[in-house]
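Notebook, side-chain contacts. I wanted to go through the charged pairs and the ring pairs in turn.

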Amino acid sequence: MEEVCEGKDFSFPGHEEKILSFWSEIKAFETQLDRTESLPEYIFYDGPPFATGLPHYGHILAGTIKDIVTRYQTMRGHHVTRRFGWDCHGLPVENEIDRKLGIKRRDEVLKMGIDKYNEECRSIVTRYVEEWEKVITRTGRWIDFRNDYKTMDLKFMESVWWVFSQLYEKGLVYKGFKVMPYSTGCKTVLSNFEAGQNYKDVPDPEIMVAFPIIDDPHNASFVAWTTTPWTLPSNLALCVNGNFDYVKVRNKHTGKVYVVAESRLSALPVEKPKSSVANGPAGDLKTSNSKSKGGKSENLMDSYELLEKVKGNDLVKKKYEPLFNYFSEFSNMAFRVVADNYVTDDSGTGIVHCAPAFGEDDYRVCIEYQIINKGENLIVAVDDDGCFTERITDFSGRYVKDADKDIIENVKARGRLVKSGSYTHSYPFCWRSDTPLIYRAVPSWFVRVEDLKEKLLENNKQTYWVPDYVKEKRFHNWLENARDWAVSRSRFWGTPLPVWISEDAEEVIVMDSVAKLEKLSGVKVFDLHRHNIDHITIPSSRGPEFGVLRRVDDVFDCWFESGSMPYAYIHYPFENIELFEKNFPGQFIAEGLDQTRGWFYTLMVLSTALFGKPAFRNLVCNGLVLAEDGKKMSKKLKNYPSPLEVINDYGADALRLYLINSPVVRAETLRFKKDGVYGVVKDVFLPWYNAYRFLVQNAKRLEVEGLAPFTPLDIGTLKNSPNVLDQWINSATQSLVHFVRQEMDAYRLYTVVPYLLKFLDNLTNIYVRFNRKRLKGRTGEEDCRTALSTLYSVLLTSCKVMSPFTPFFTEVLYQNMRKVSTGAEESIHYCSFPQEEGERDERIERSVSRMMTVIDLARNIRERHNKPLKSPLREMIVVHPDADFLDDIAGKLKEYVLEELNVRSLVPCIDTLKYSSLRAEPEFSVLGKRLGKSMGIVAKEIKAMSQKDIIAFEEAGEVTIASHTLKLADIKVVREFKRPAGLTDKEIDAAGDGDVLVIMDLRPDESLYEAGVAREVVNRIQKLRKKVALEPTDVVDVYFESLDEDKSKLERVLNSQEQYIRDAIGSPLLSSILMPPQAVIIGEESYHQIYELSFTIYLARAALVFKSDAILALYAGNTKFAQGLETYLLSRDHSNLRSEFQLNNGKITVDGIEKQPSVNVVLGEHLFLSVGDYFLRTKSG
């Protein structure tokens, strides 16, 4: 393995760029697909985005989810085709061209020519494809851009035709009118999903209008309320609620008689004449609208008298005088009262005016009461631009919203205005043009979704969603209220409807293929867009006298195209028949929460209609990524950093993990914070990298020390390691593999990442931290190689497990680690997902977990009493009822606990009541709702439970109190420390977590003084090594010099702790009087009042120590030759010289000194490589 730099010098983005080049060089993605070609297919559908805008965090999030799942499935032994798709048709494209060309009206397109307009649209569709590929590739996502699919491709469009033709043959297609949200800005119908995307609170006029009742004995008028005065010219009926009570009241001052719902009587104006004139026109009345509720009632009682009271059903069929005469030919059937429960009494008058061309409920009710007939040509008196047609003579050509004011004036002039005002409410606006929507009846082609409702609900049950509540609630409710789907749009740039109709509308042909169109028309077809097929006619099968069939003008709603994607992207059924039929439904899709009413819905509708099946088996639904301020990300507001900026600063892997380890994967919202991405680098990648670097450094150290290069031991050998932490980390790695397999198979990405992060934390902060001596070779070469091999194996396995999540970083580590492994794959992404090997040791995993709890609790006690870890303590007691755990903590884990906590002894205690008392408290949050009034009695008895009762309850797992059975979750058992008699909290203290209790003896002990000094000295030496940038493998001599008057005190302490210090720093700590004159000092620092001692530490380059007499003897007393040898050896690179001695078992031959004889130099006999080595030899000899 090659040396690696420090974490602070490691550029995550820089190495990711190198990995991208490496993948490109070896054609990694293509190779992976080739290698897995014979494996079972895993079908993934990639929902097509529009390429008319740049990718944002929502796209990156969904793309990351897709990439993780598809990489994982590849590692699990599947062939996963991943083709990028583009949504090319529809409003987003047309809008851009309209803005570019200044087009505002439909006739301007026709004047320009559909051919020119559509080619303009085609020219911008792929404008940002390169930018998309750059961003998506940079995020680490593997997907095929070369073999992508586009909804504007001939093959895709042909499959869409086939889908529609199948629905038509099944009787699921019809033509009719439907009141739909309509954008006058875009001149097109919107889906209900699109209409719900841009609501605004706006003021609109609200008026009450009088409709005189024909042949009423009191000359009464119905009073209807509306906030859309522009619909009044198209009024054909009034609607009441049959269950409401309606009253006929006379205004005492004006004599006018009105009919309104009794519960809405207060909405009528309180009218008083300006003068003594009793019956002036409505315009001469003063209207009082008192803000006081009581005052209003009083005024009403003063102003109106009750004449009659009837049920709404009694008003049905009553005729009234129309407000305008634009629809007088409908008088026989229209202008009468109908009833429906959609009329409410929370606003208005309880009477709704119906204009069936402009209200969904209006249209439905008018058909039900046969005021209009389904299938007839409904007169829609507003054109595609939102302007009144010539039929509305008084306002012809006026934009409807602009005409509101004049219509109100017209109503007033007719004496029919009862009341007017302004009403602020939430109103839908077009999400593209930002113009107010109107509801308008449009001729459209429909799919009978309502007929499929039961099958849709059944198919939904067959799918698996993460999170499941989106399926069970949001999507289920949407399906339950499904309405027939208007799939046609009166637009230009889209897949044309394949419907040809004769002039008398008696003959209809639906094309299911290009071949059929060519055969029937005799025209060669090369493109299916409108300008290339609208001119094609089909001779009537009834004979020439019946003329020709022409195509209807409409194109498909682009949601129909994307819903056809599972078939169209592989050109089914014209190609890939076996591939499709063997693998439908697809295994996996993933998109945002907004697609529950979009792509998820259209996929389900079309697959159910075509095959009676869902289109997909598994679905991951993500939430919305917001800006840090909680608002929608906006280029205009510049309230978020660009994705590439974040990636260039912190790397794509960090961004991926940040997004995946957030609420957004559970379909909740995420406030994006760039600092959060940095947090992932700091808390995940740097510790992970440092564990890897520690492995590489210590593997290289073996070579530096002249030992055999590092090669990892086989798994079988590692499994038999006697070291408890080897056993633990191997078991924890198997648990990791088991957990990730289990959760990824269930598509629960949000549970996987926290587990992975905890594993990495344990690897770095437990295994590496507690095994530093072993990994550094301080416990012997064999043990060192076992520890290094274990760390290597765990890092390699965890890299493979993490590779779907962090494809770059795991590749970086793998490429270096594979150099010491024979037969390793060229890329980590060619590897299989790790298998579970052998049984997991749950006991040791549990014990180590509890050990860390013990350590944390003990640290808390130290912090509470201001006892730093460098200060040794005499004793700690661990209290727990589990004998196995106590055996482990007092046995094989003991050395780690004592060293980490700097405690002399550990005492296990199984008697939980020896140092603690138990008391029980009710869990009010759990029991409150369940017990209700019984809560008080039960709570009292819980609090009165004895120690014996509590222990029995914990053993049994339940207890019955006041006839209520309570479980462990219902009662909180509190363990409180019972301090031994005669000791204060300054002398002994405890901490617990409800499971384990830790007690620390805090009393000072002189015998601990020397150990405390030694730890402080070691700590200062290690910090100084780091300060002068020494690597762990760099050999130096370490000296100390006392700055105290009594210098013997420090020497005495250090001598008593000599073995501990040597183990900790890897060499002896030398008195400064042993420092040779030629020593090169590379670091020194003085410290004062450390345990009341002051001293200086020196770090010096390892210096050779010669045994001059022995060297002189090599040359039979020739002083010149002896000096020449010493000069030569001093000129050699120290580390190379050390390696040469180690490779030759402590002996080298020097024969390269000019005019001097060859001699054999023996380590320890003629020289020492450091003052430390010399000191140890002379001390032992």
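Is Tyr1115 buried or exposed? I found Tyr1115 buried, because its relative accessibility is 7% (buried is under 20% relative accessible area, exposed over 50%, partly exposed in between, with a 1.4 Å probe and protein chains only).

I noted the basis before going on: this is a predicted model, in which local features need pLDDT of at least 70 and side-chain atom pairs count only at pLDDT 80 or more, while totals for chains, interfaces and linings use all residues. Residues are numbered from 1 along each chain as its sequence is written, and side-chain values use heavy atoms, with hydrogens and water left out.

Entry on salt bridges. I looked up the total, and the structure holds 73 salt bridges (a side-chain nitrogen of Lys or Arg within 4 Å of a carboxyl oxygen of Asp or Glu).

I took Asp204 and Lys401, whose side chains meet in a salt bridge at 3.7 Å, N to O. Asp204 is in strand β5 (residues 199-212) and Lys401 in helix α12 (residues 400-413), so this pair ties together parts 197 residues apart in sequence. Helices (H or I, at least four residues) and strands (E, at least two) are DSSP runs, numbered from the N terminus. Both Asp204 and Lys401 are buried.

I then took Arg530 and Asp553, which form a salt bridge at 3.7 Å, N to O. Arg530 lies in helix α16 (residues 530-533) and Asp553 in the loop between β23 (548-551) and β24 (555-556), 23 residues apart. Arg530 is buried at 4% relative accessibility, whereas Asp553 is partly exposed at 45%.

Within helix α6 (residues 114-125) I found Arg122 and Glu119, three residues apart, about one turn of the helix. Their side chains meet in a salt bridge at 3.0 Å, N to O. Arg122 is partly exposed, at 23% relative accessible area, and Glu119 is partly exposed at 35%.

I also recorded a salt-bridge network that links Asp46, Lys66, Arg141 and Glu591.

Entry on rings. I looked up the aromatic pairs, and the structure holds 62 (Phe, Tyr and Trp rings, the six-membered one for Trp, with centres within 6.5 Å; planes under 30 degrees apart are stacked, over 60 edge-to-face, the rest tilted). The Tyr650 and Tyr678 pair is tilted, because the planes are at 45 degrees, with centres 5.7 Å apart. Tyr1115 and Phe1121 pair edge-to-face, 5.5 Å centre to centre and 70 degrees between the planes.
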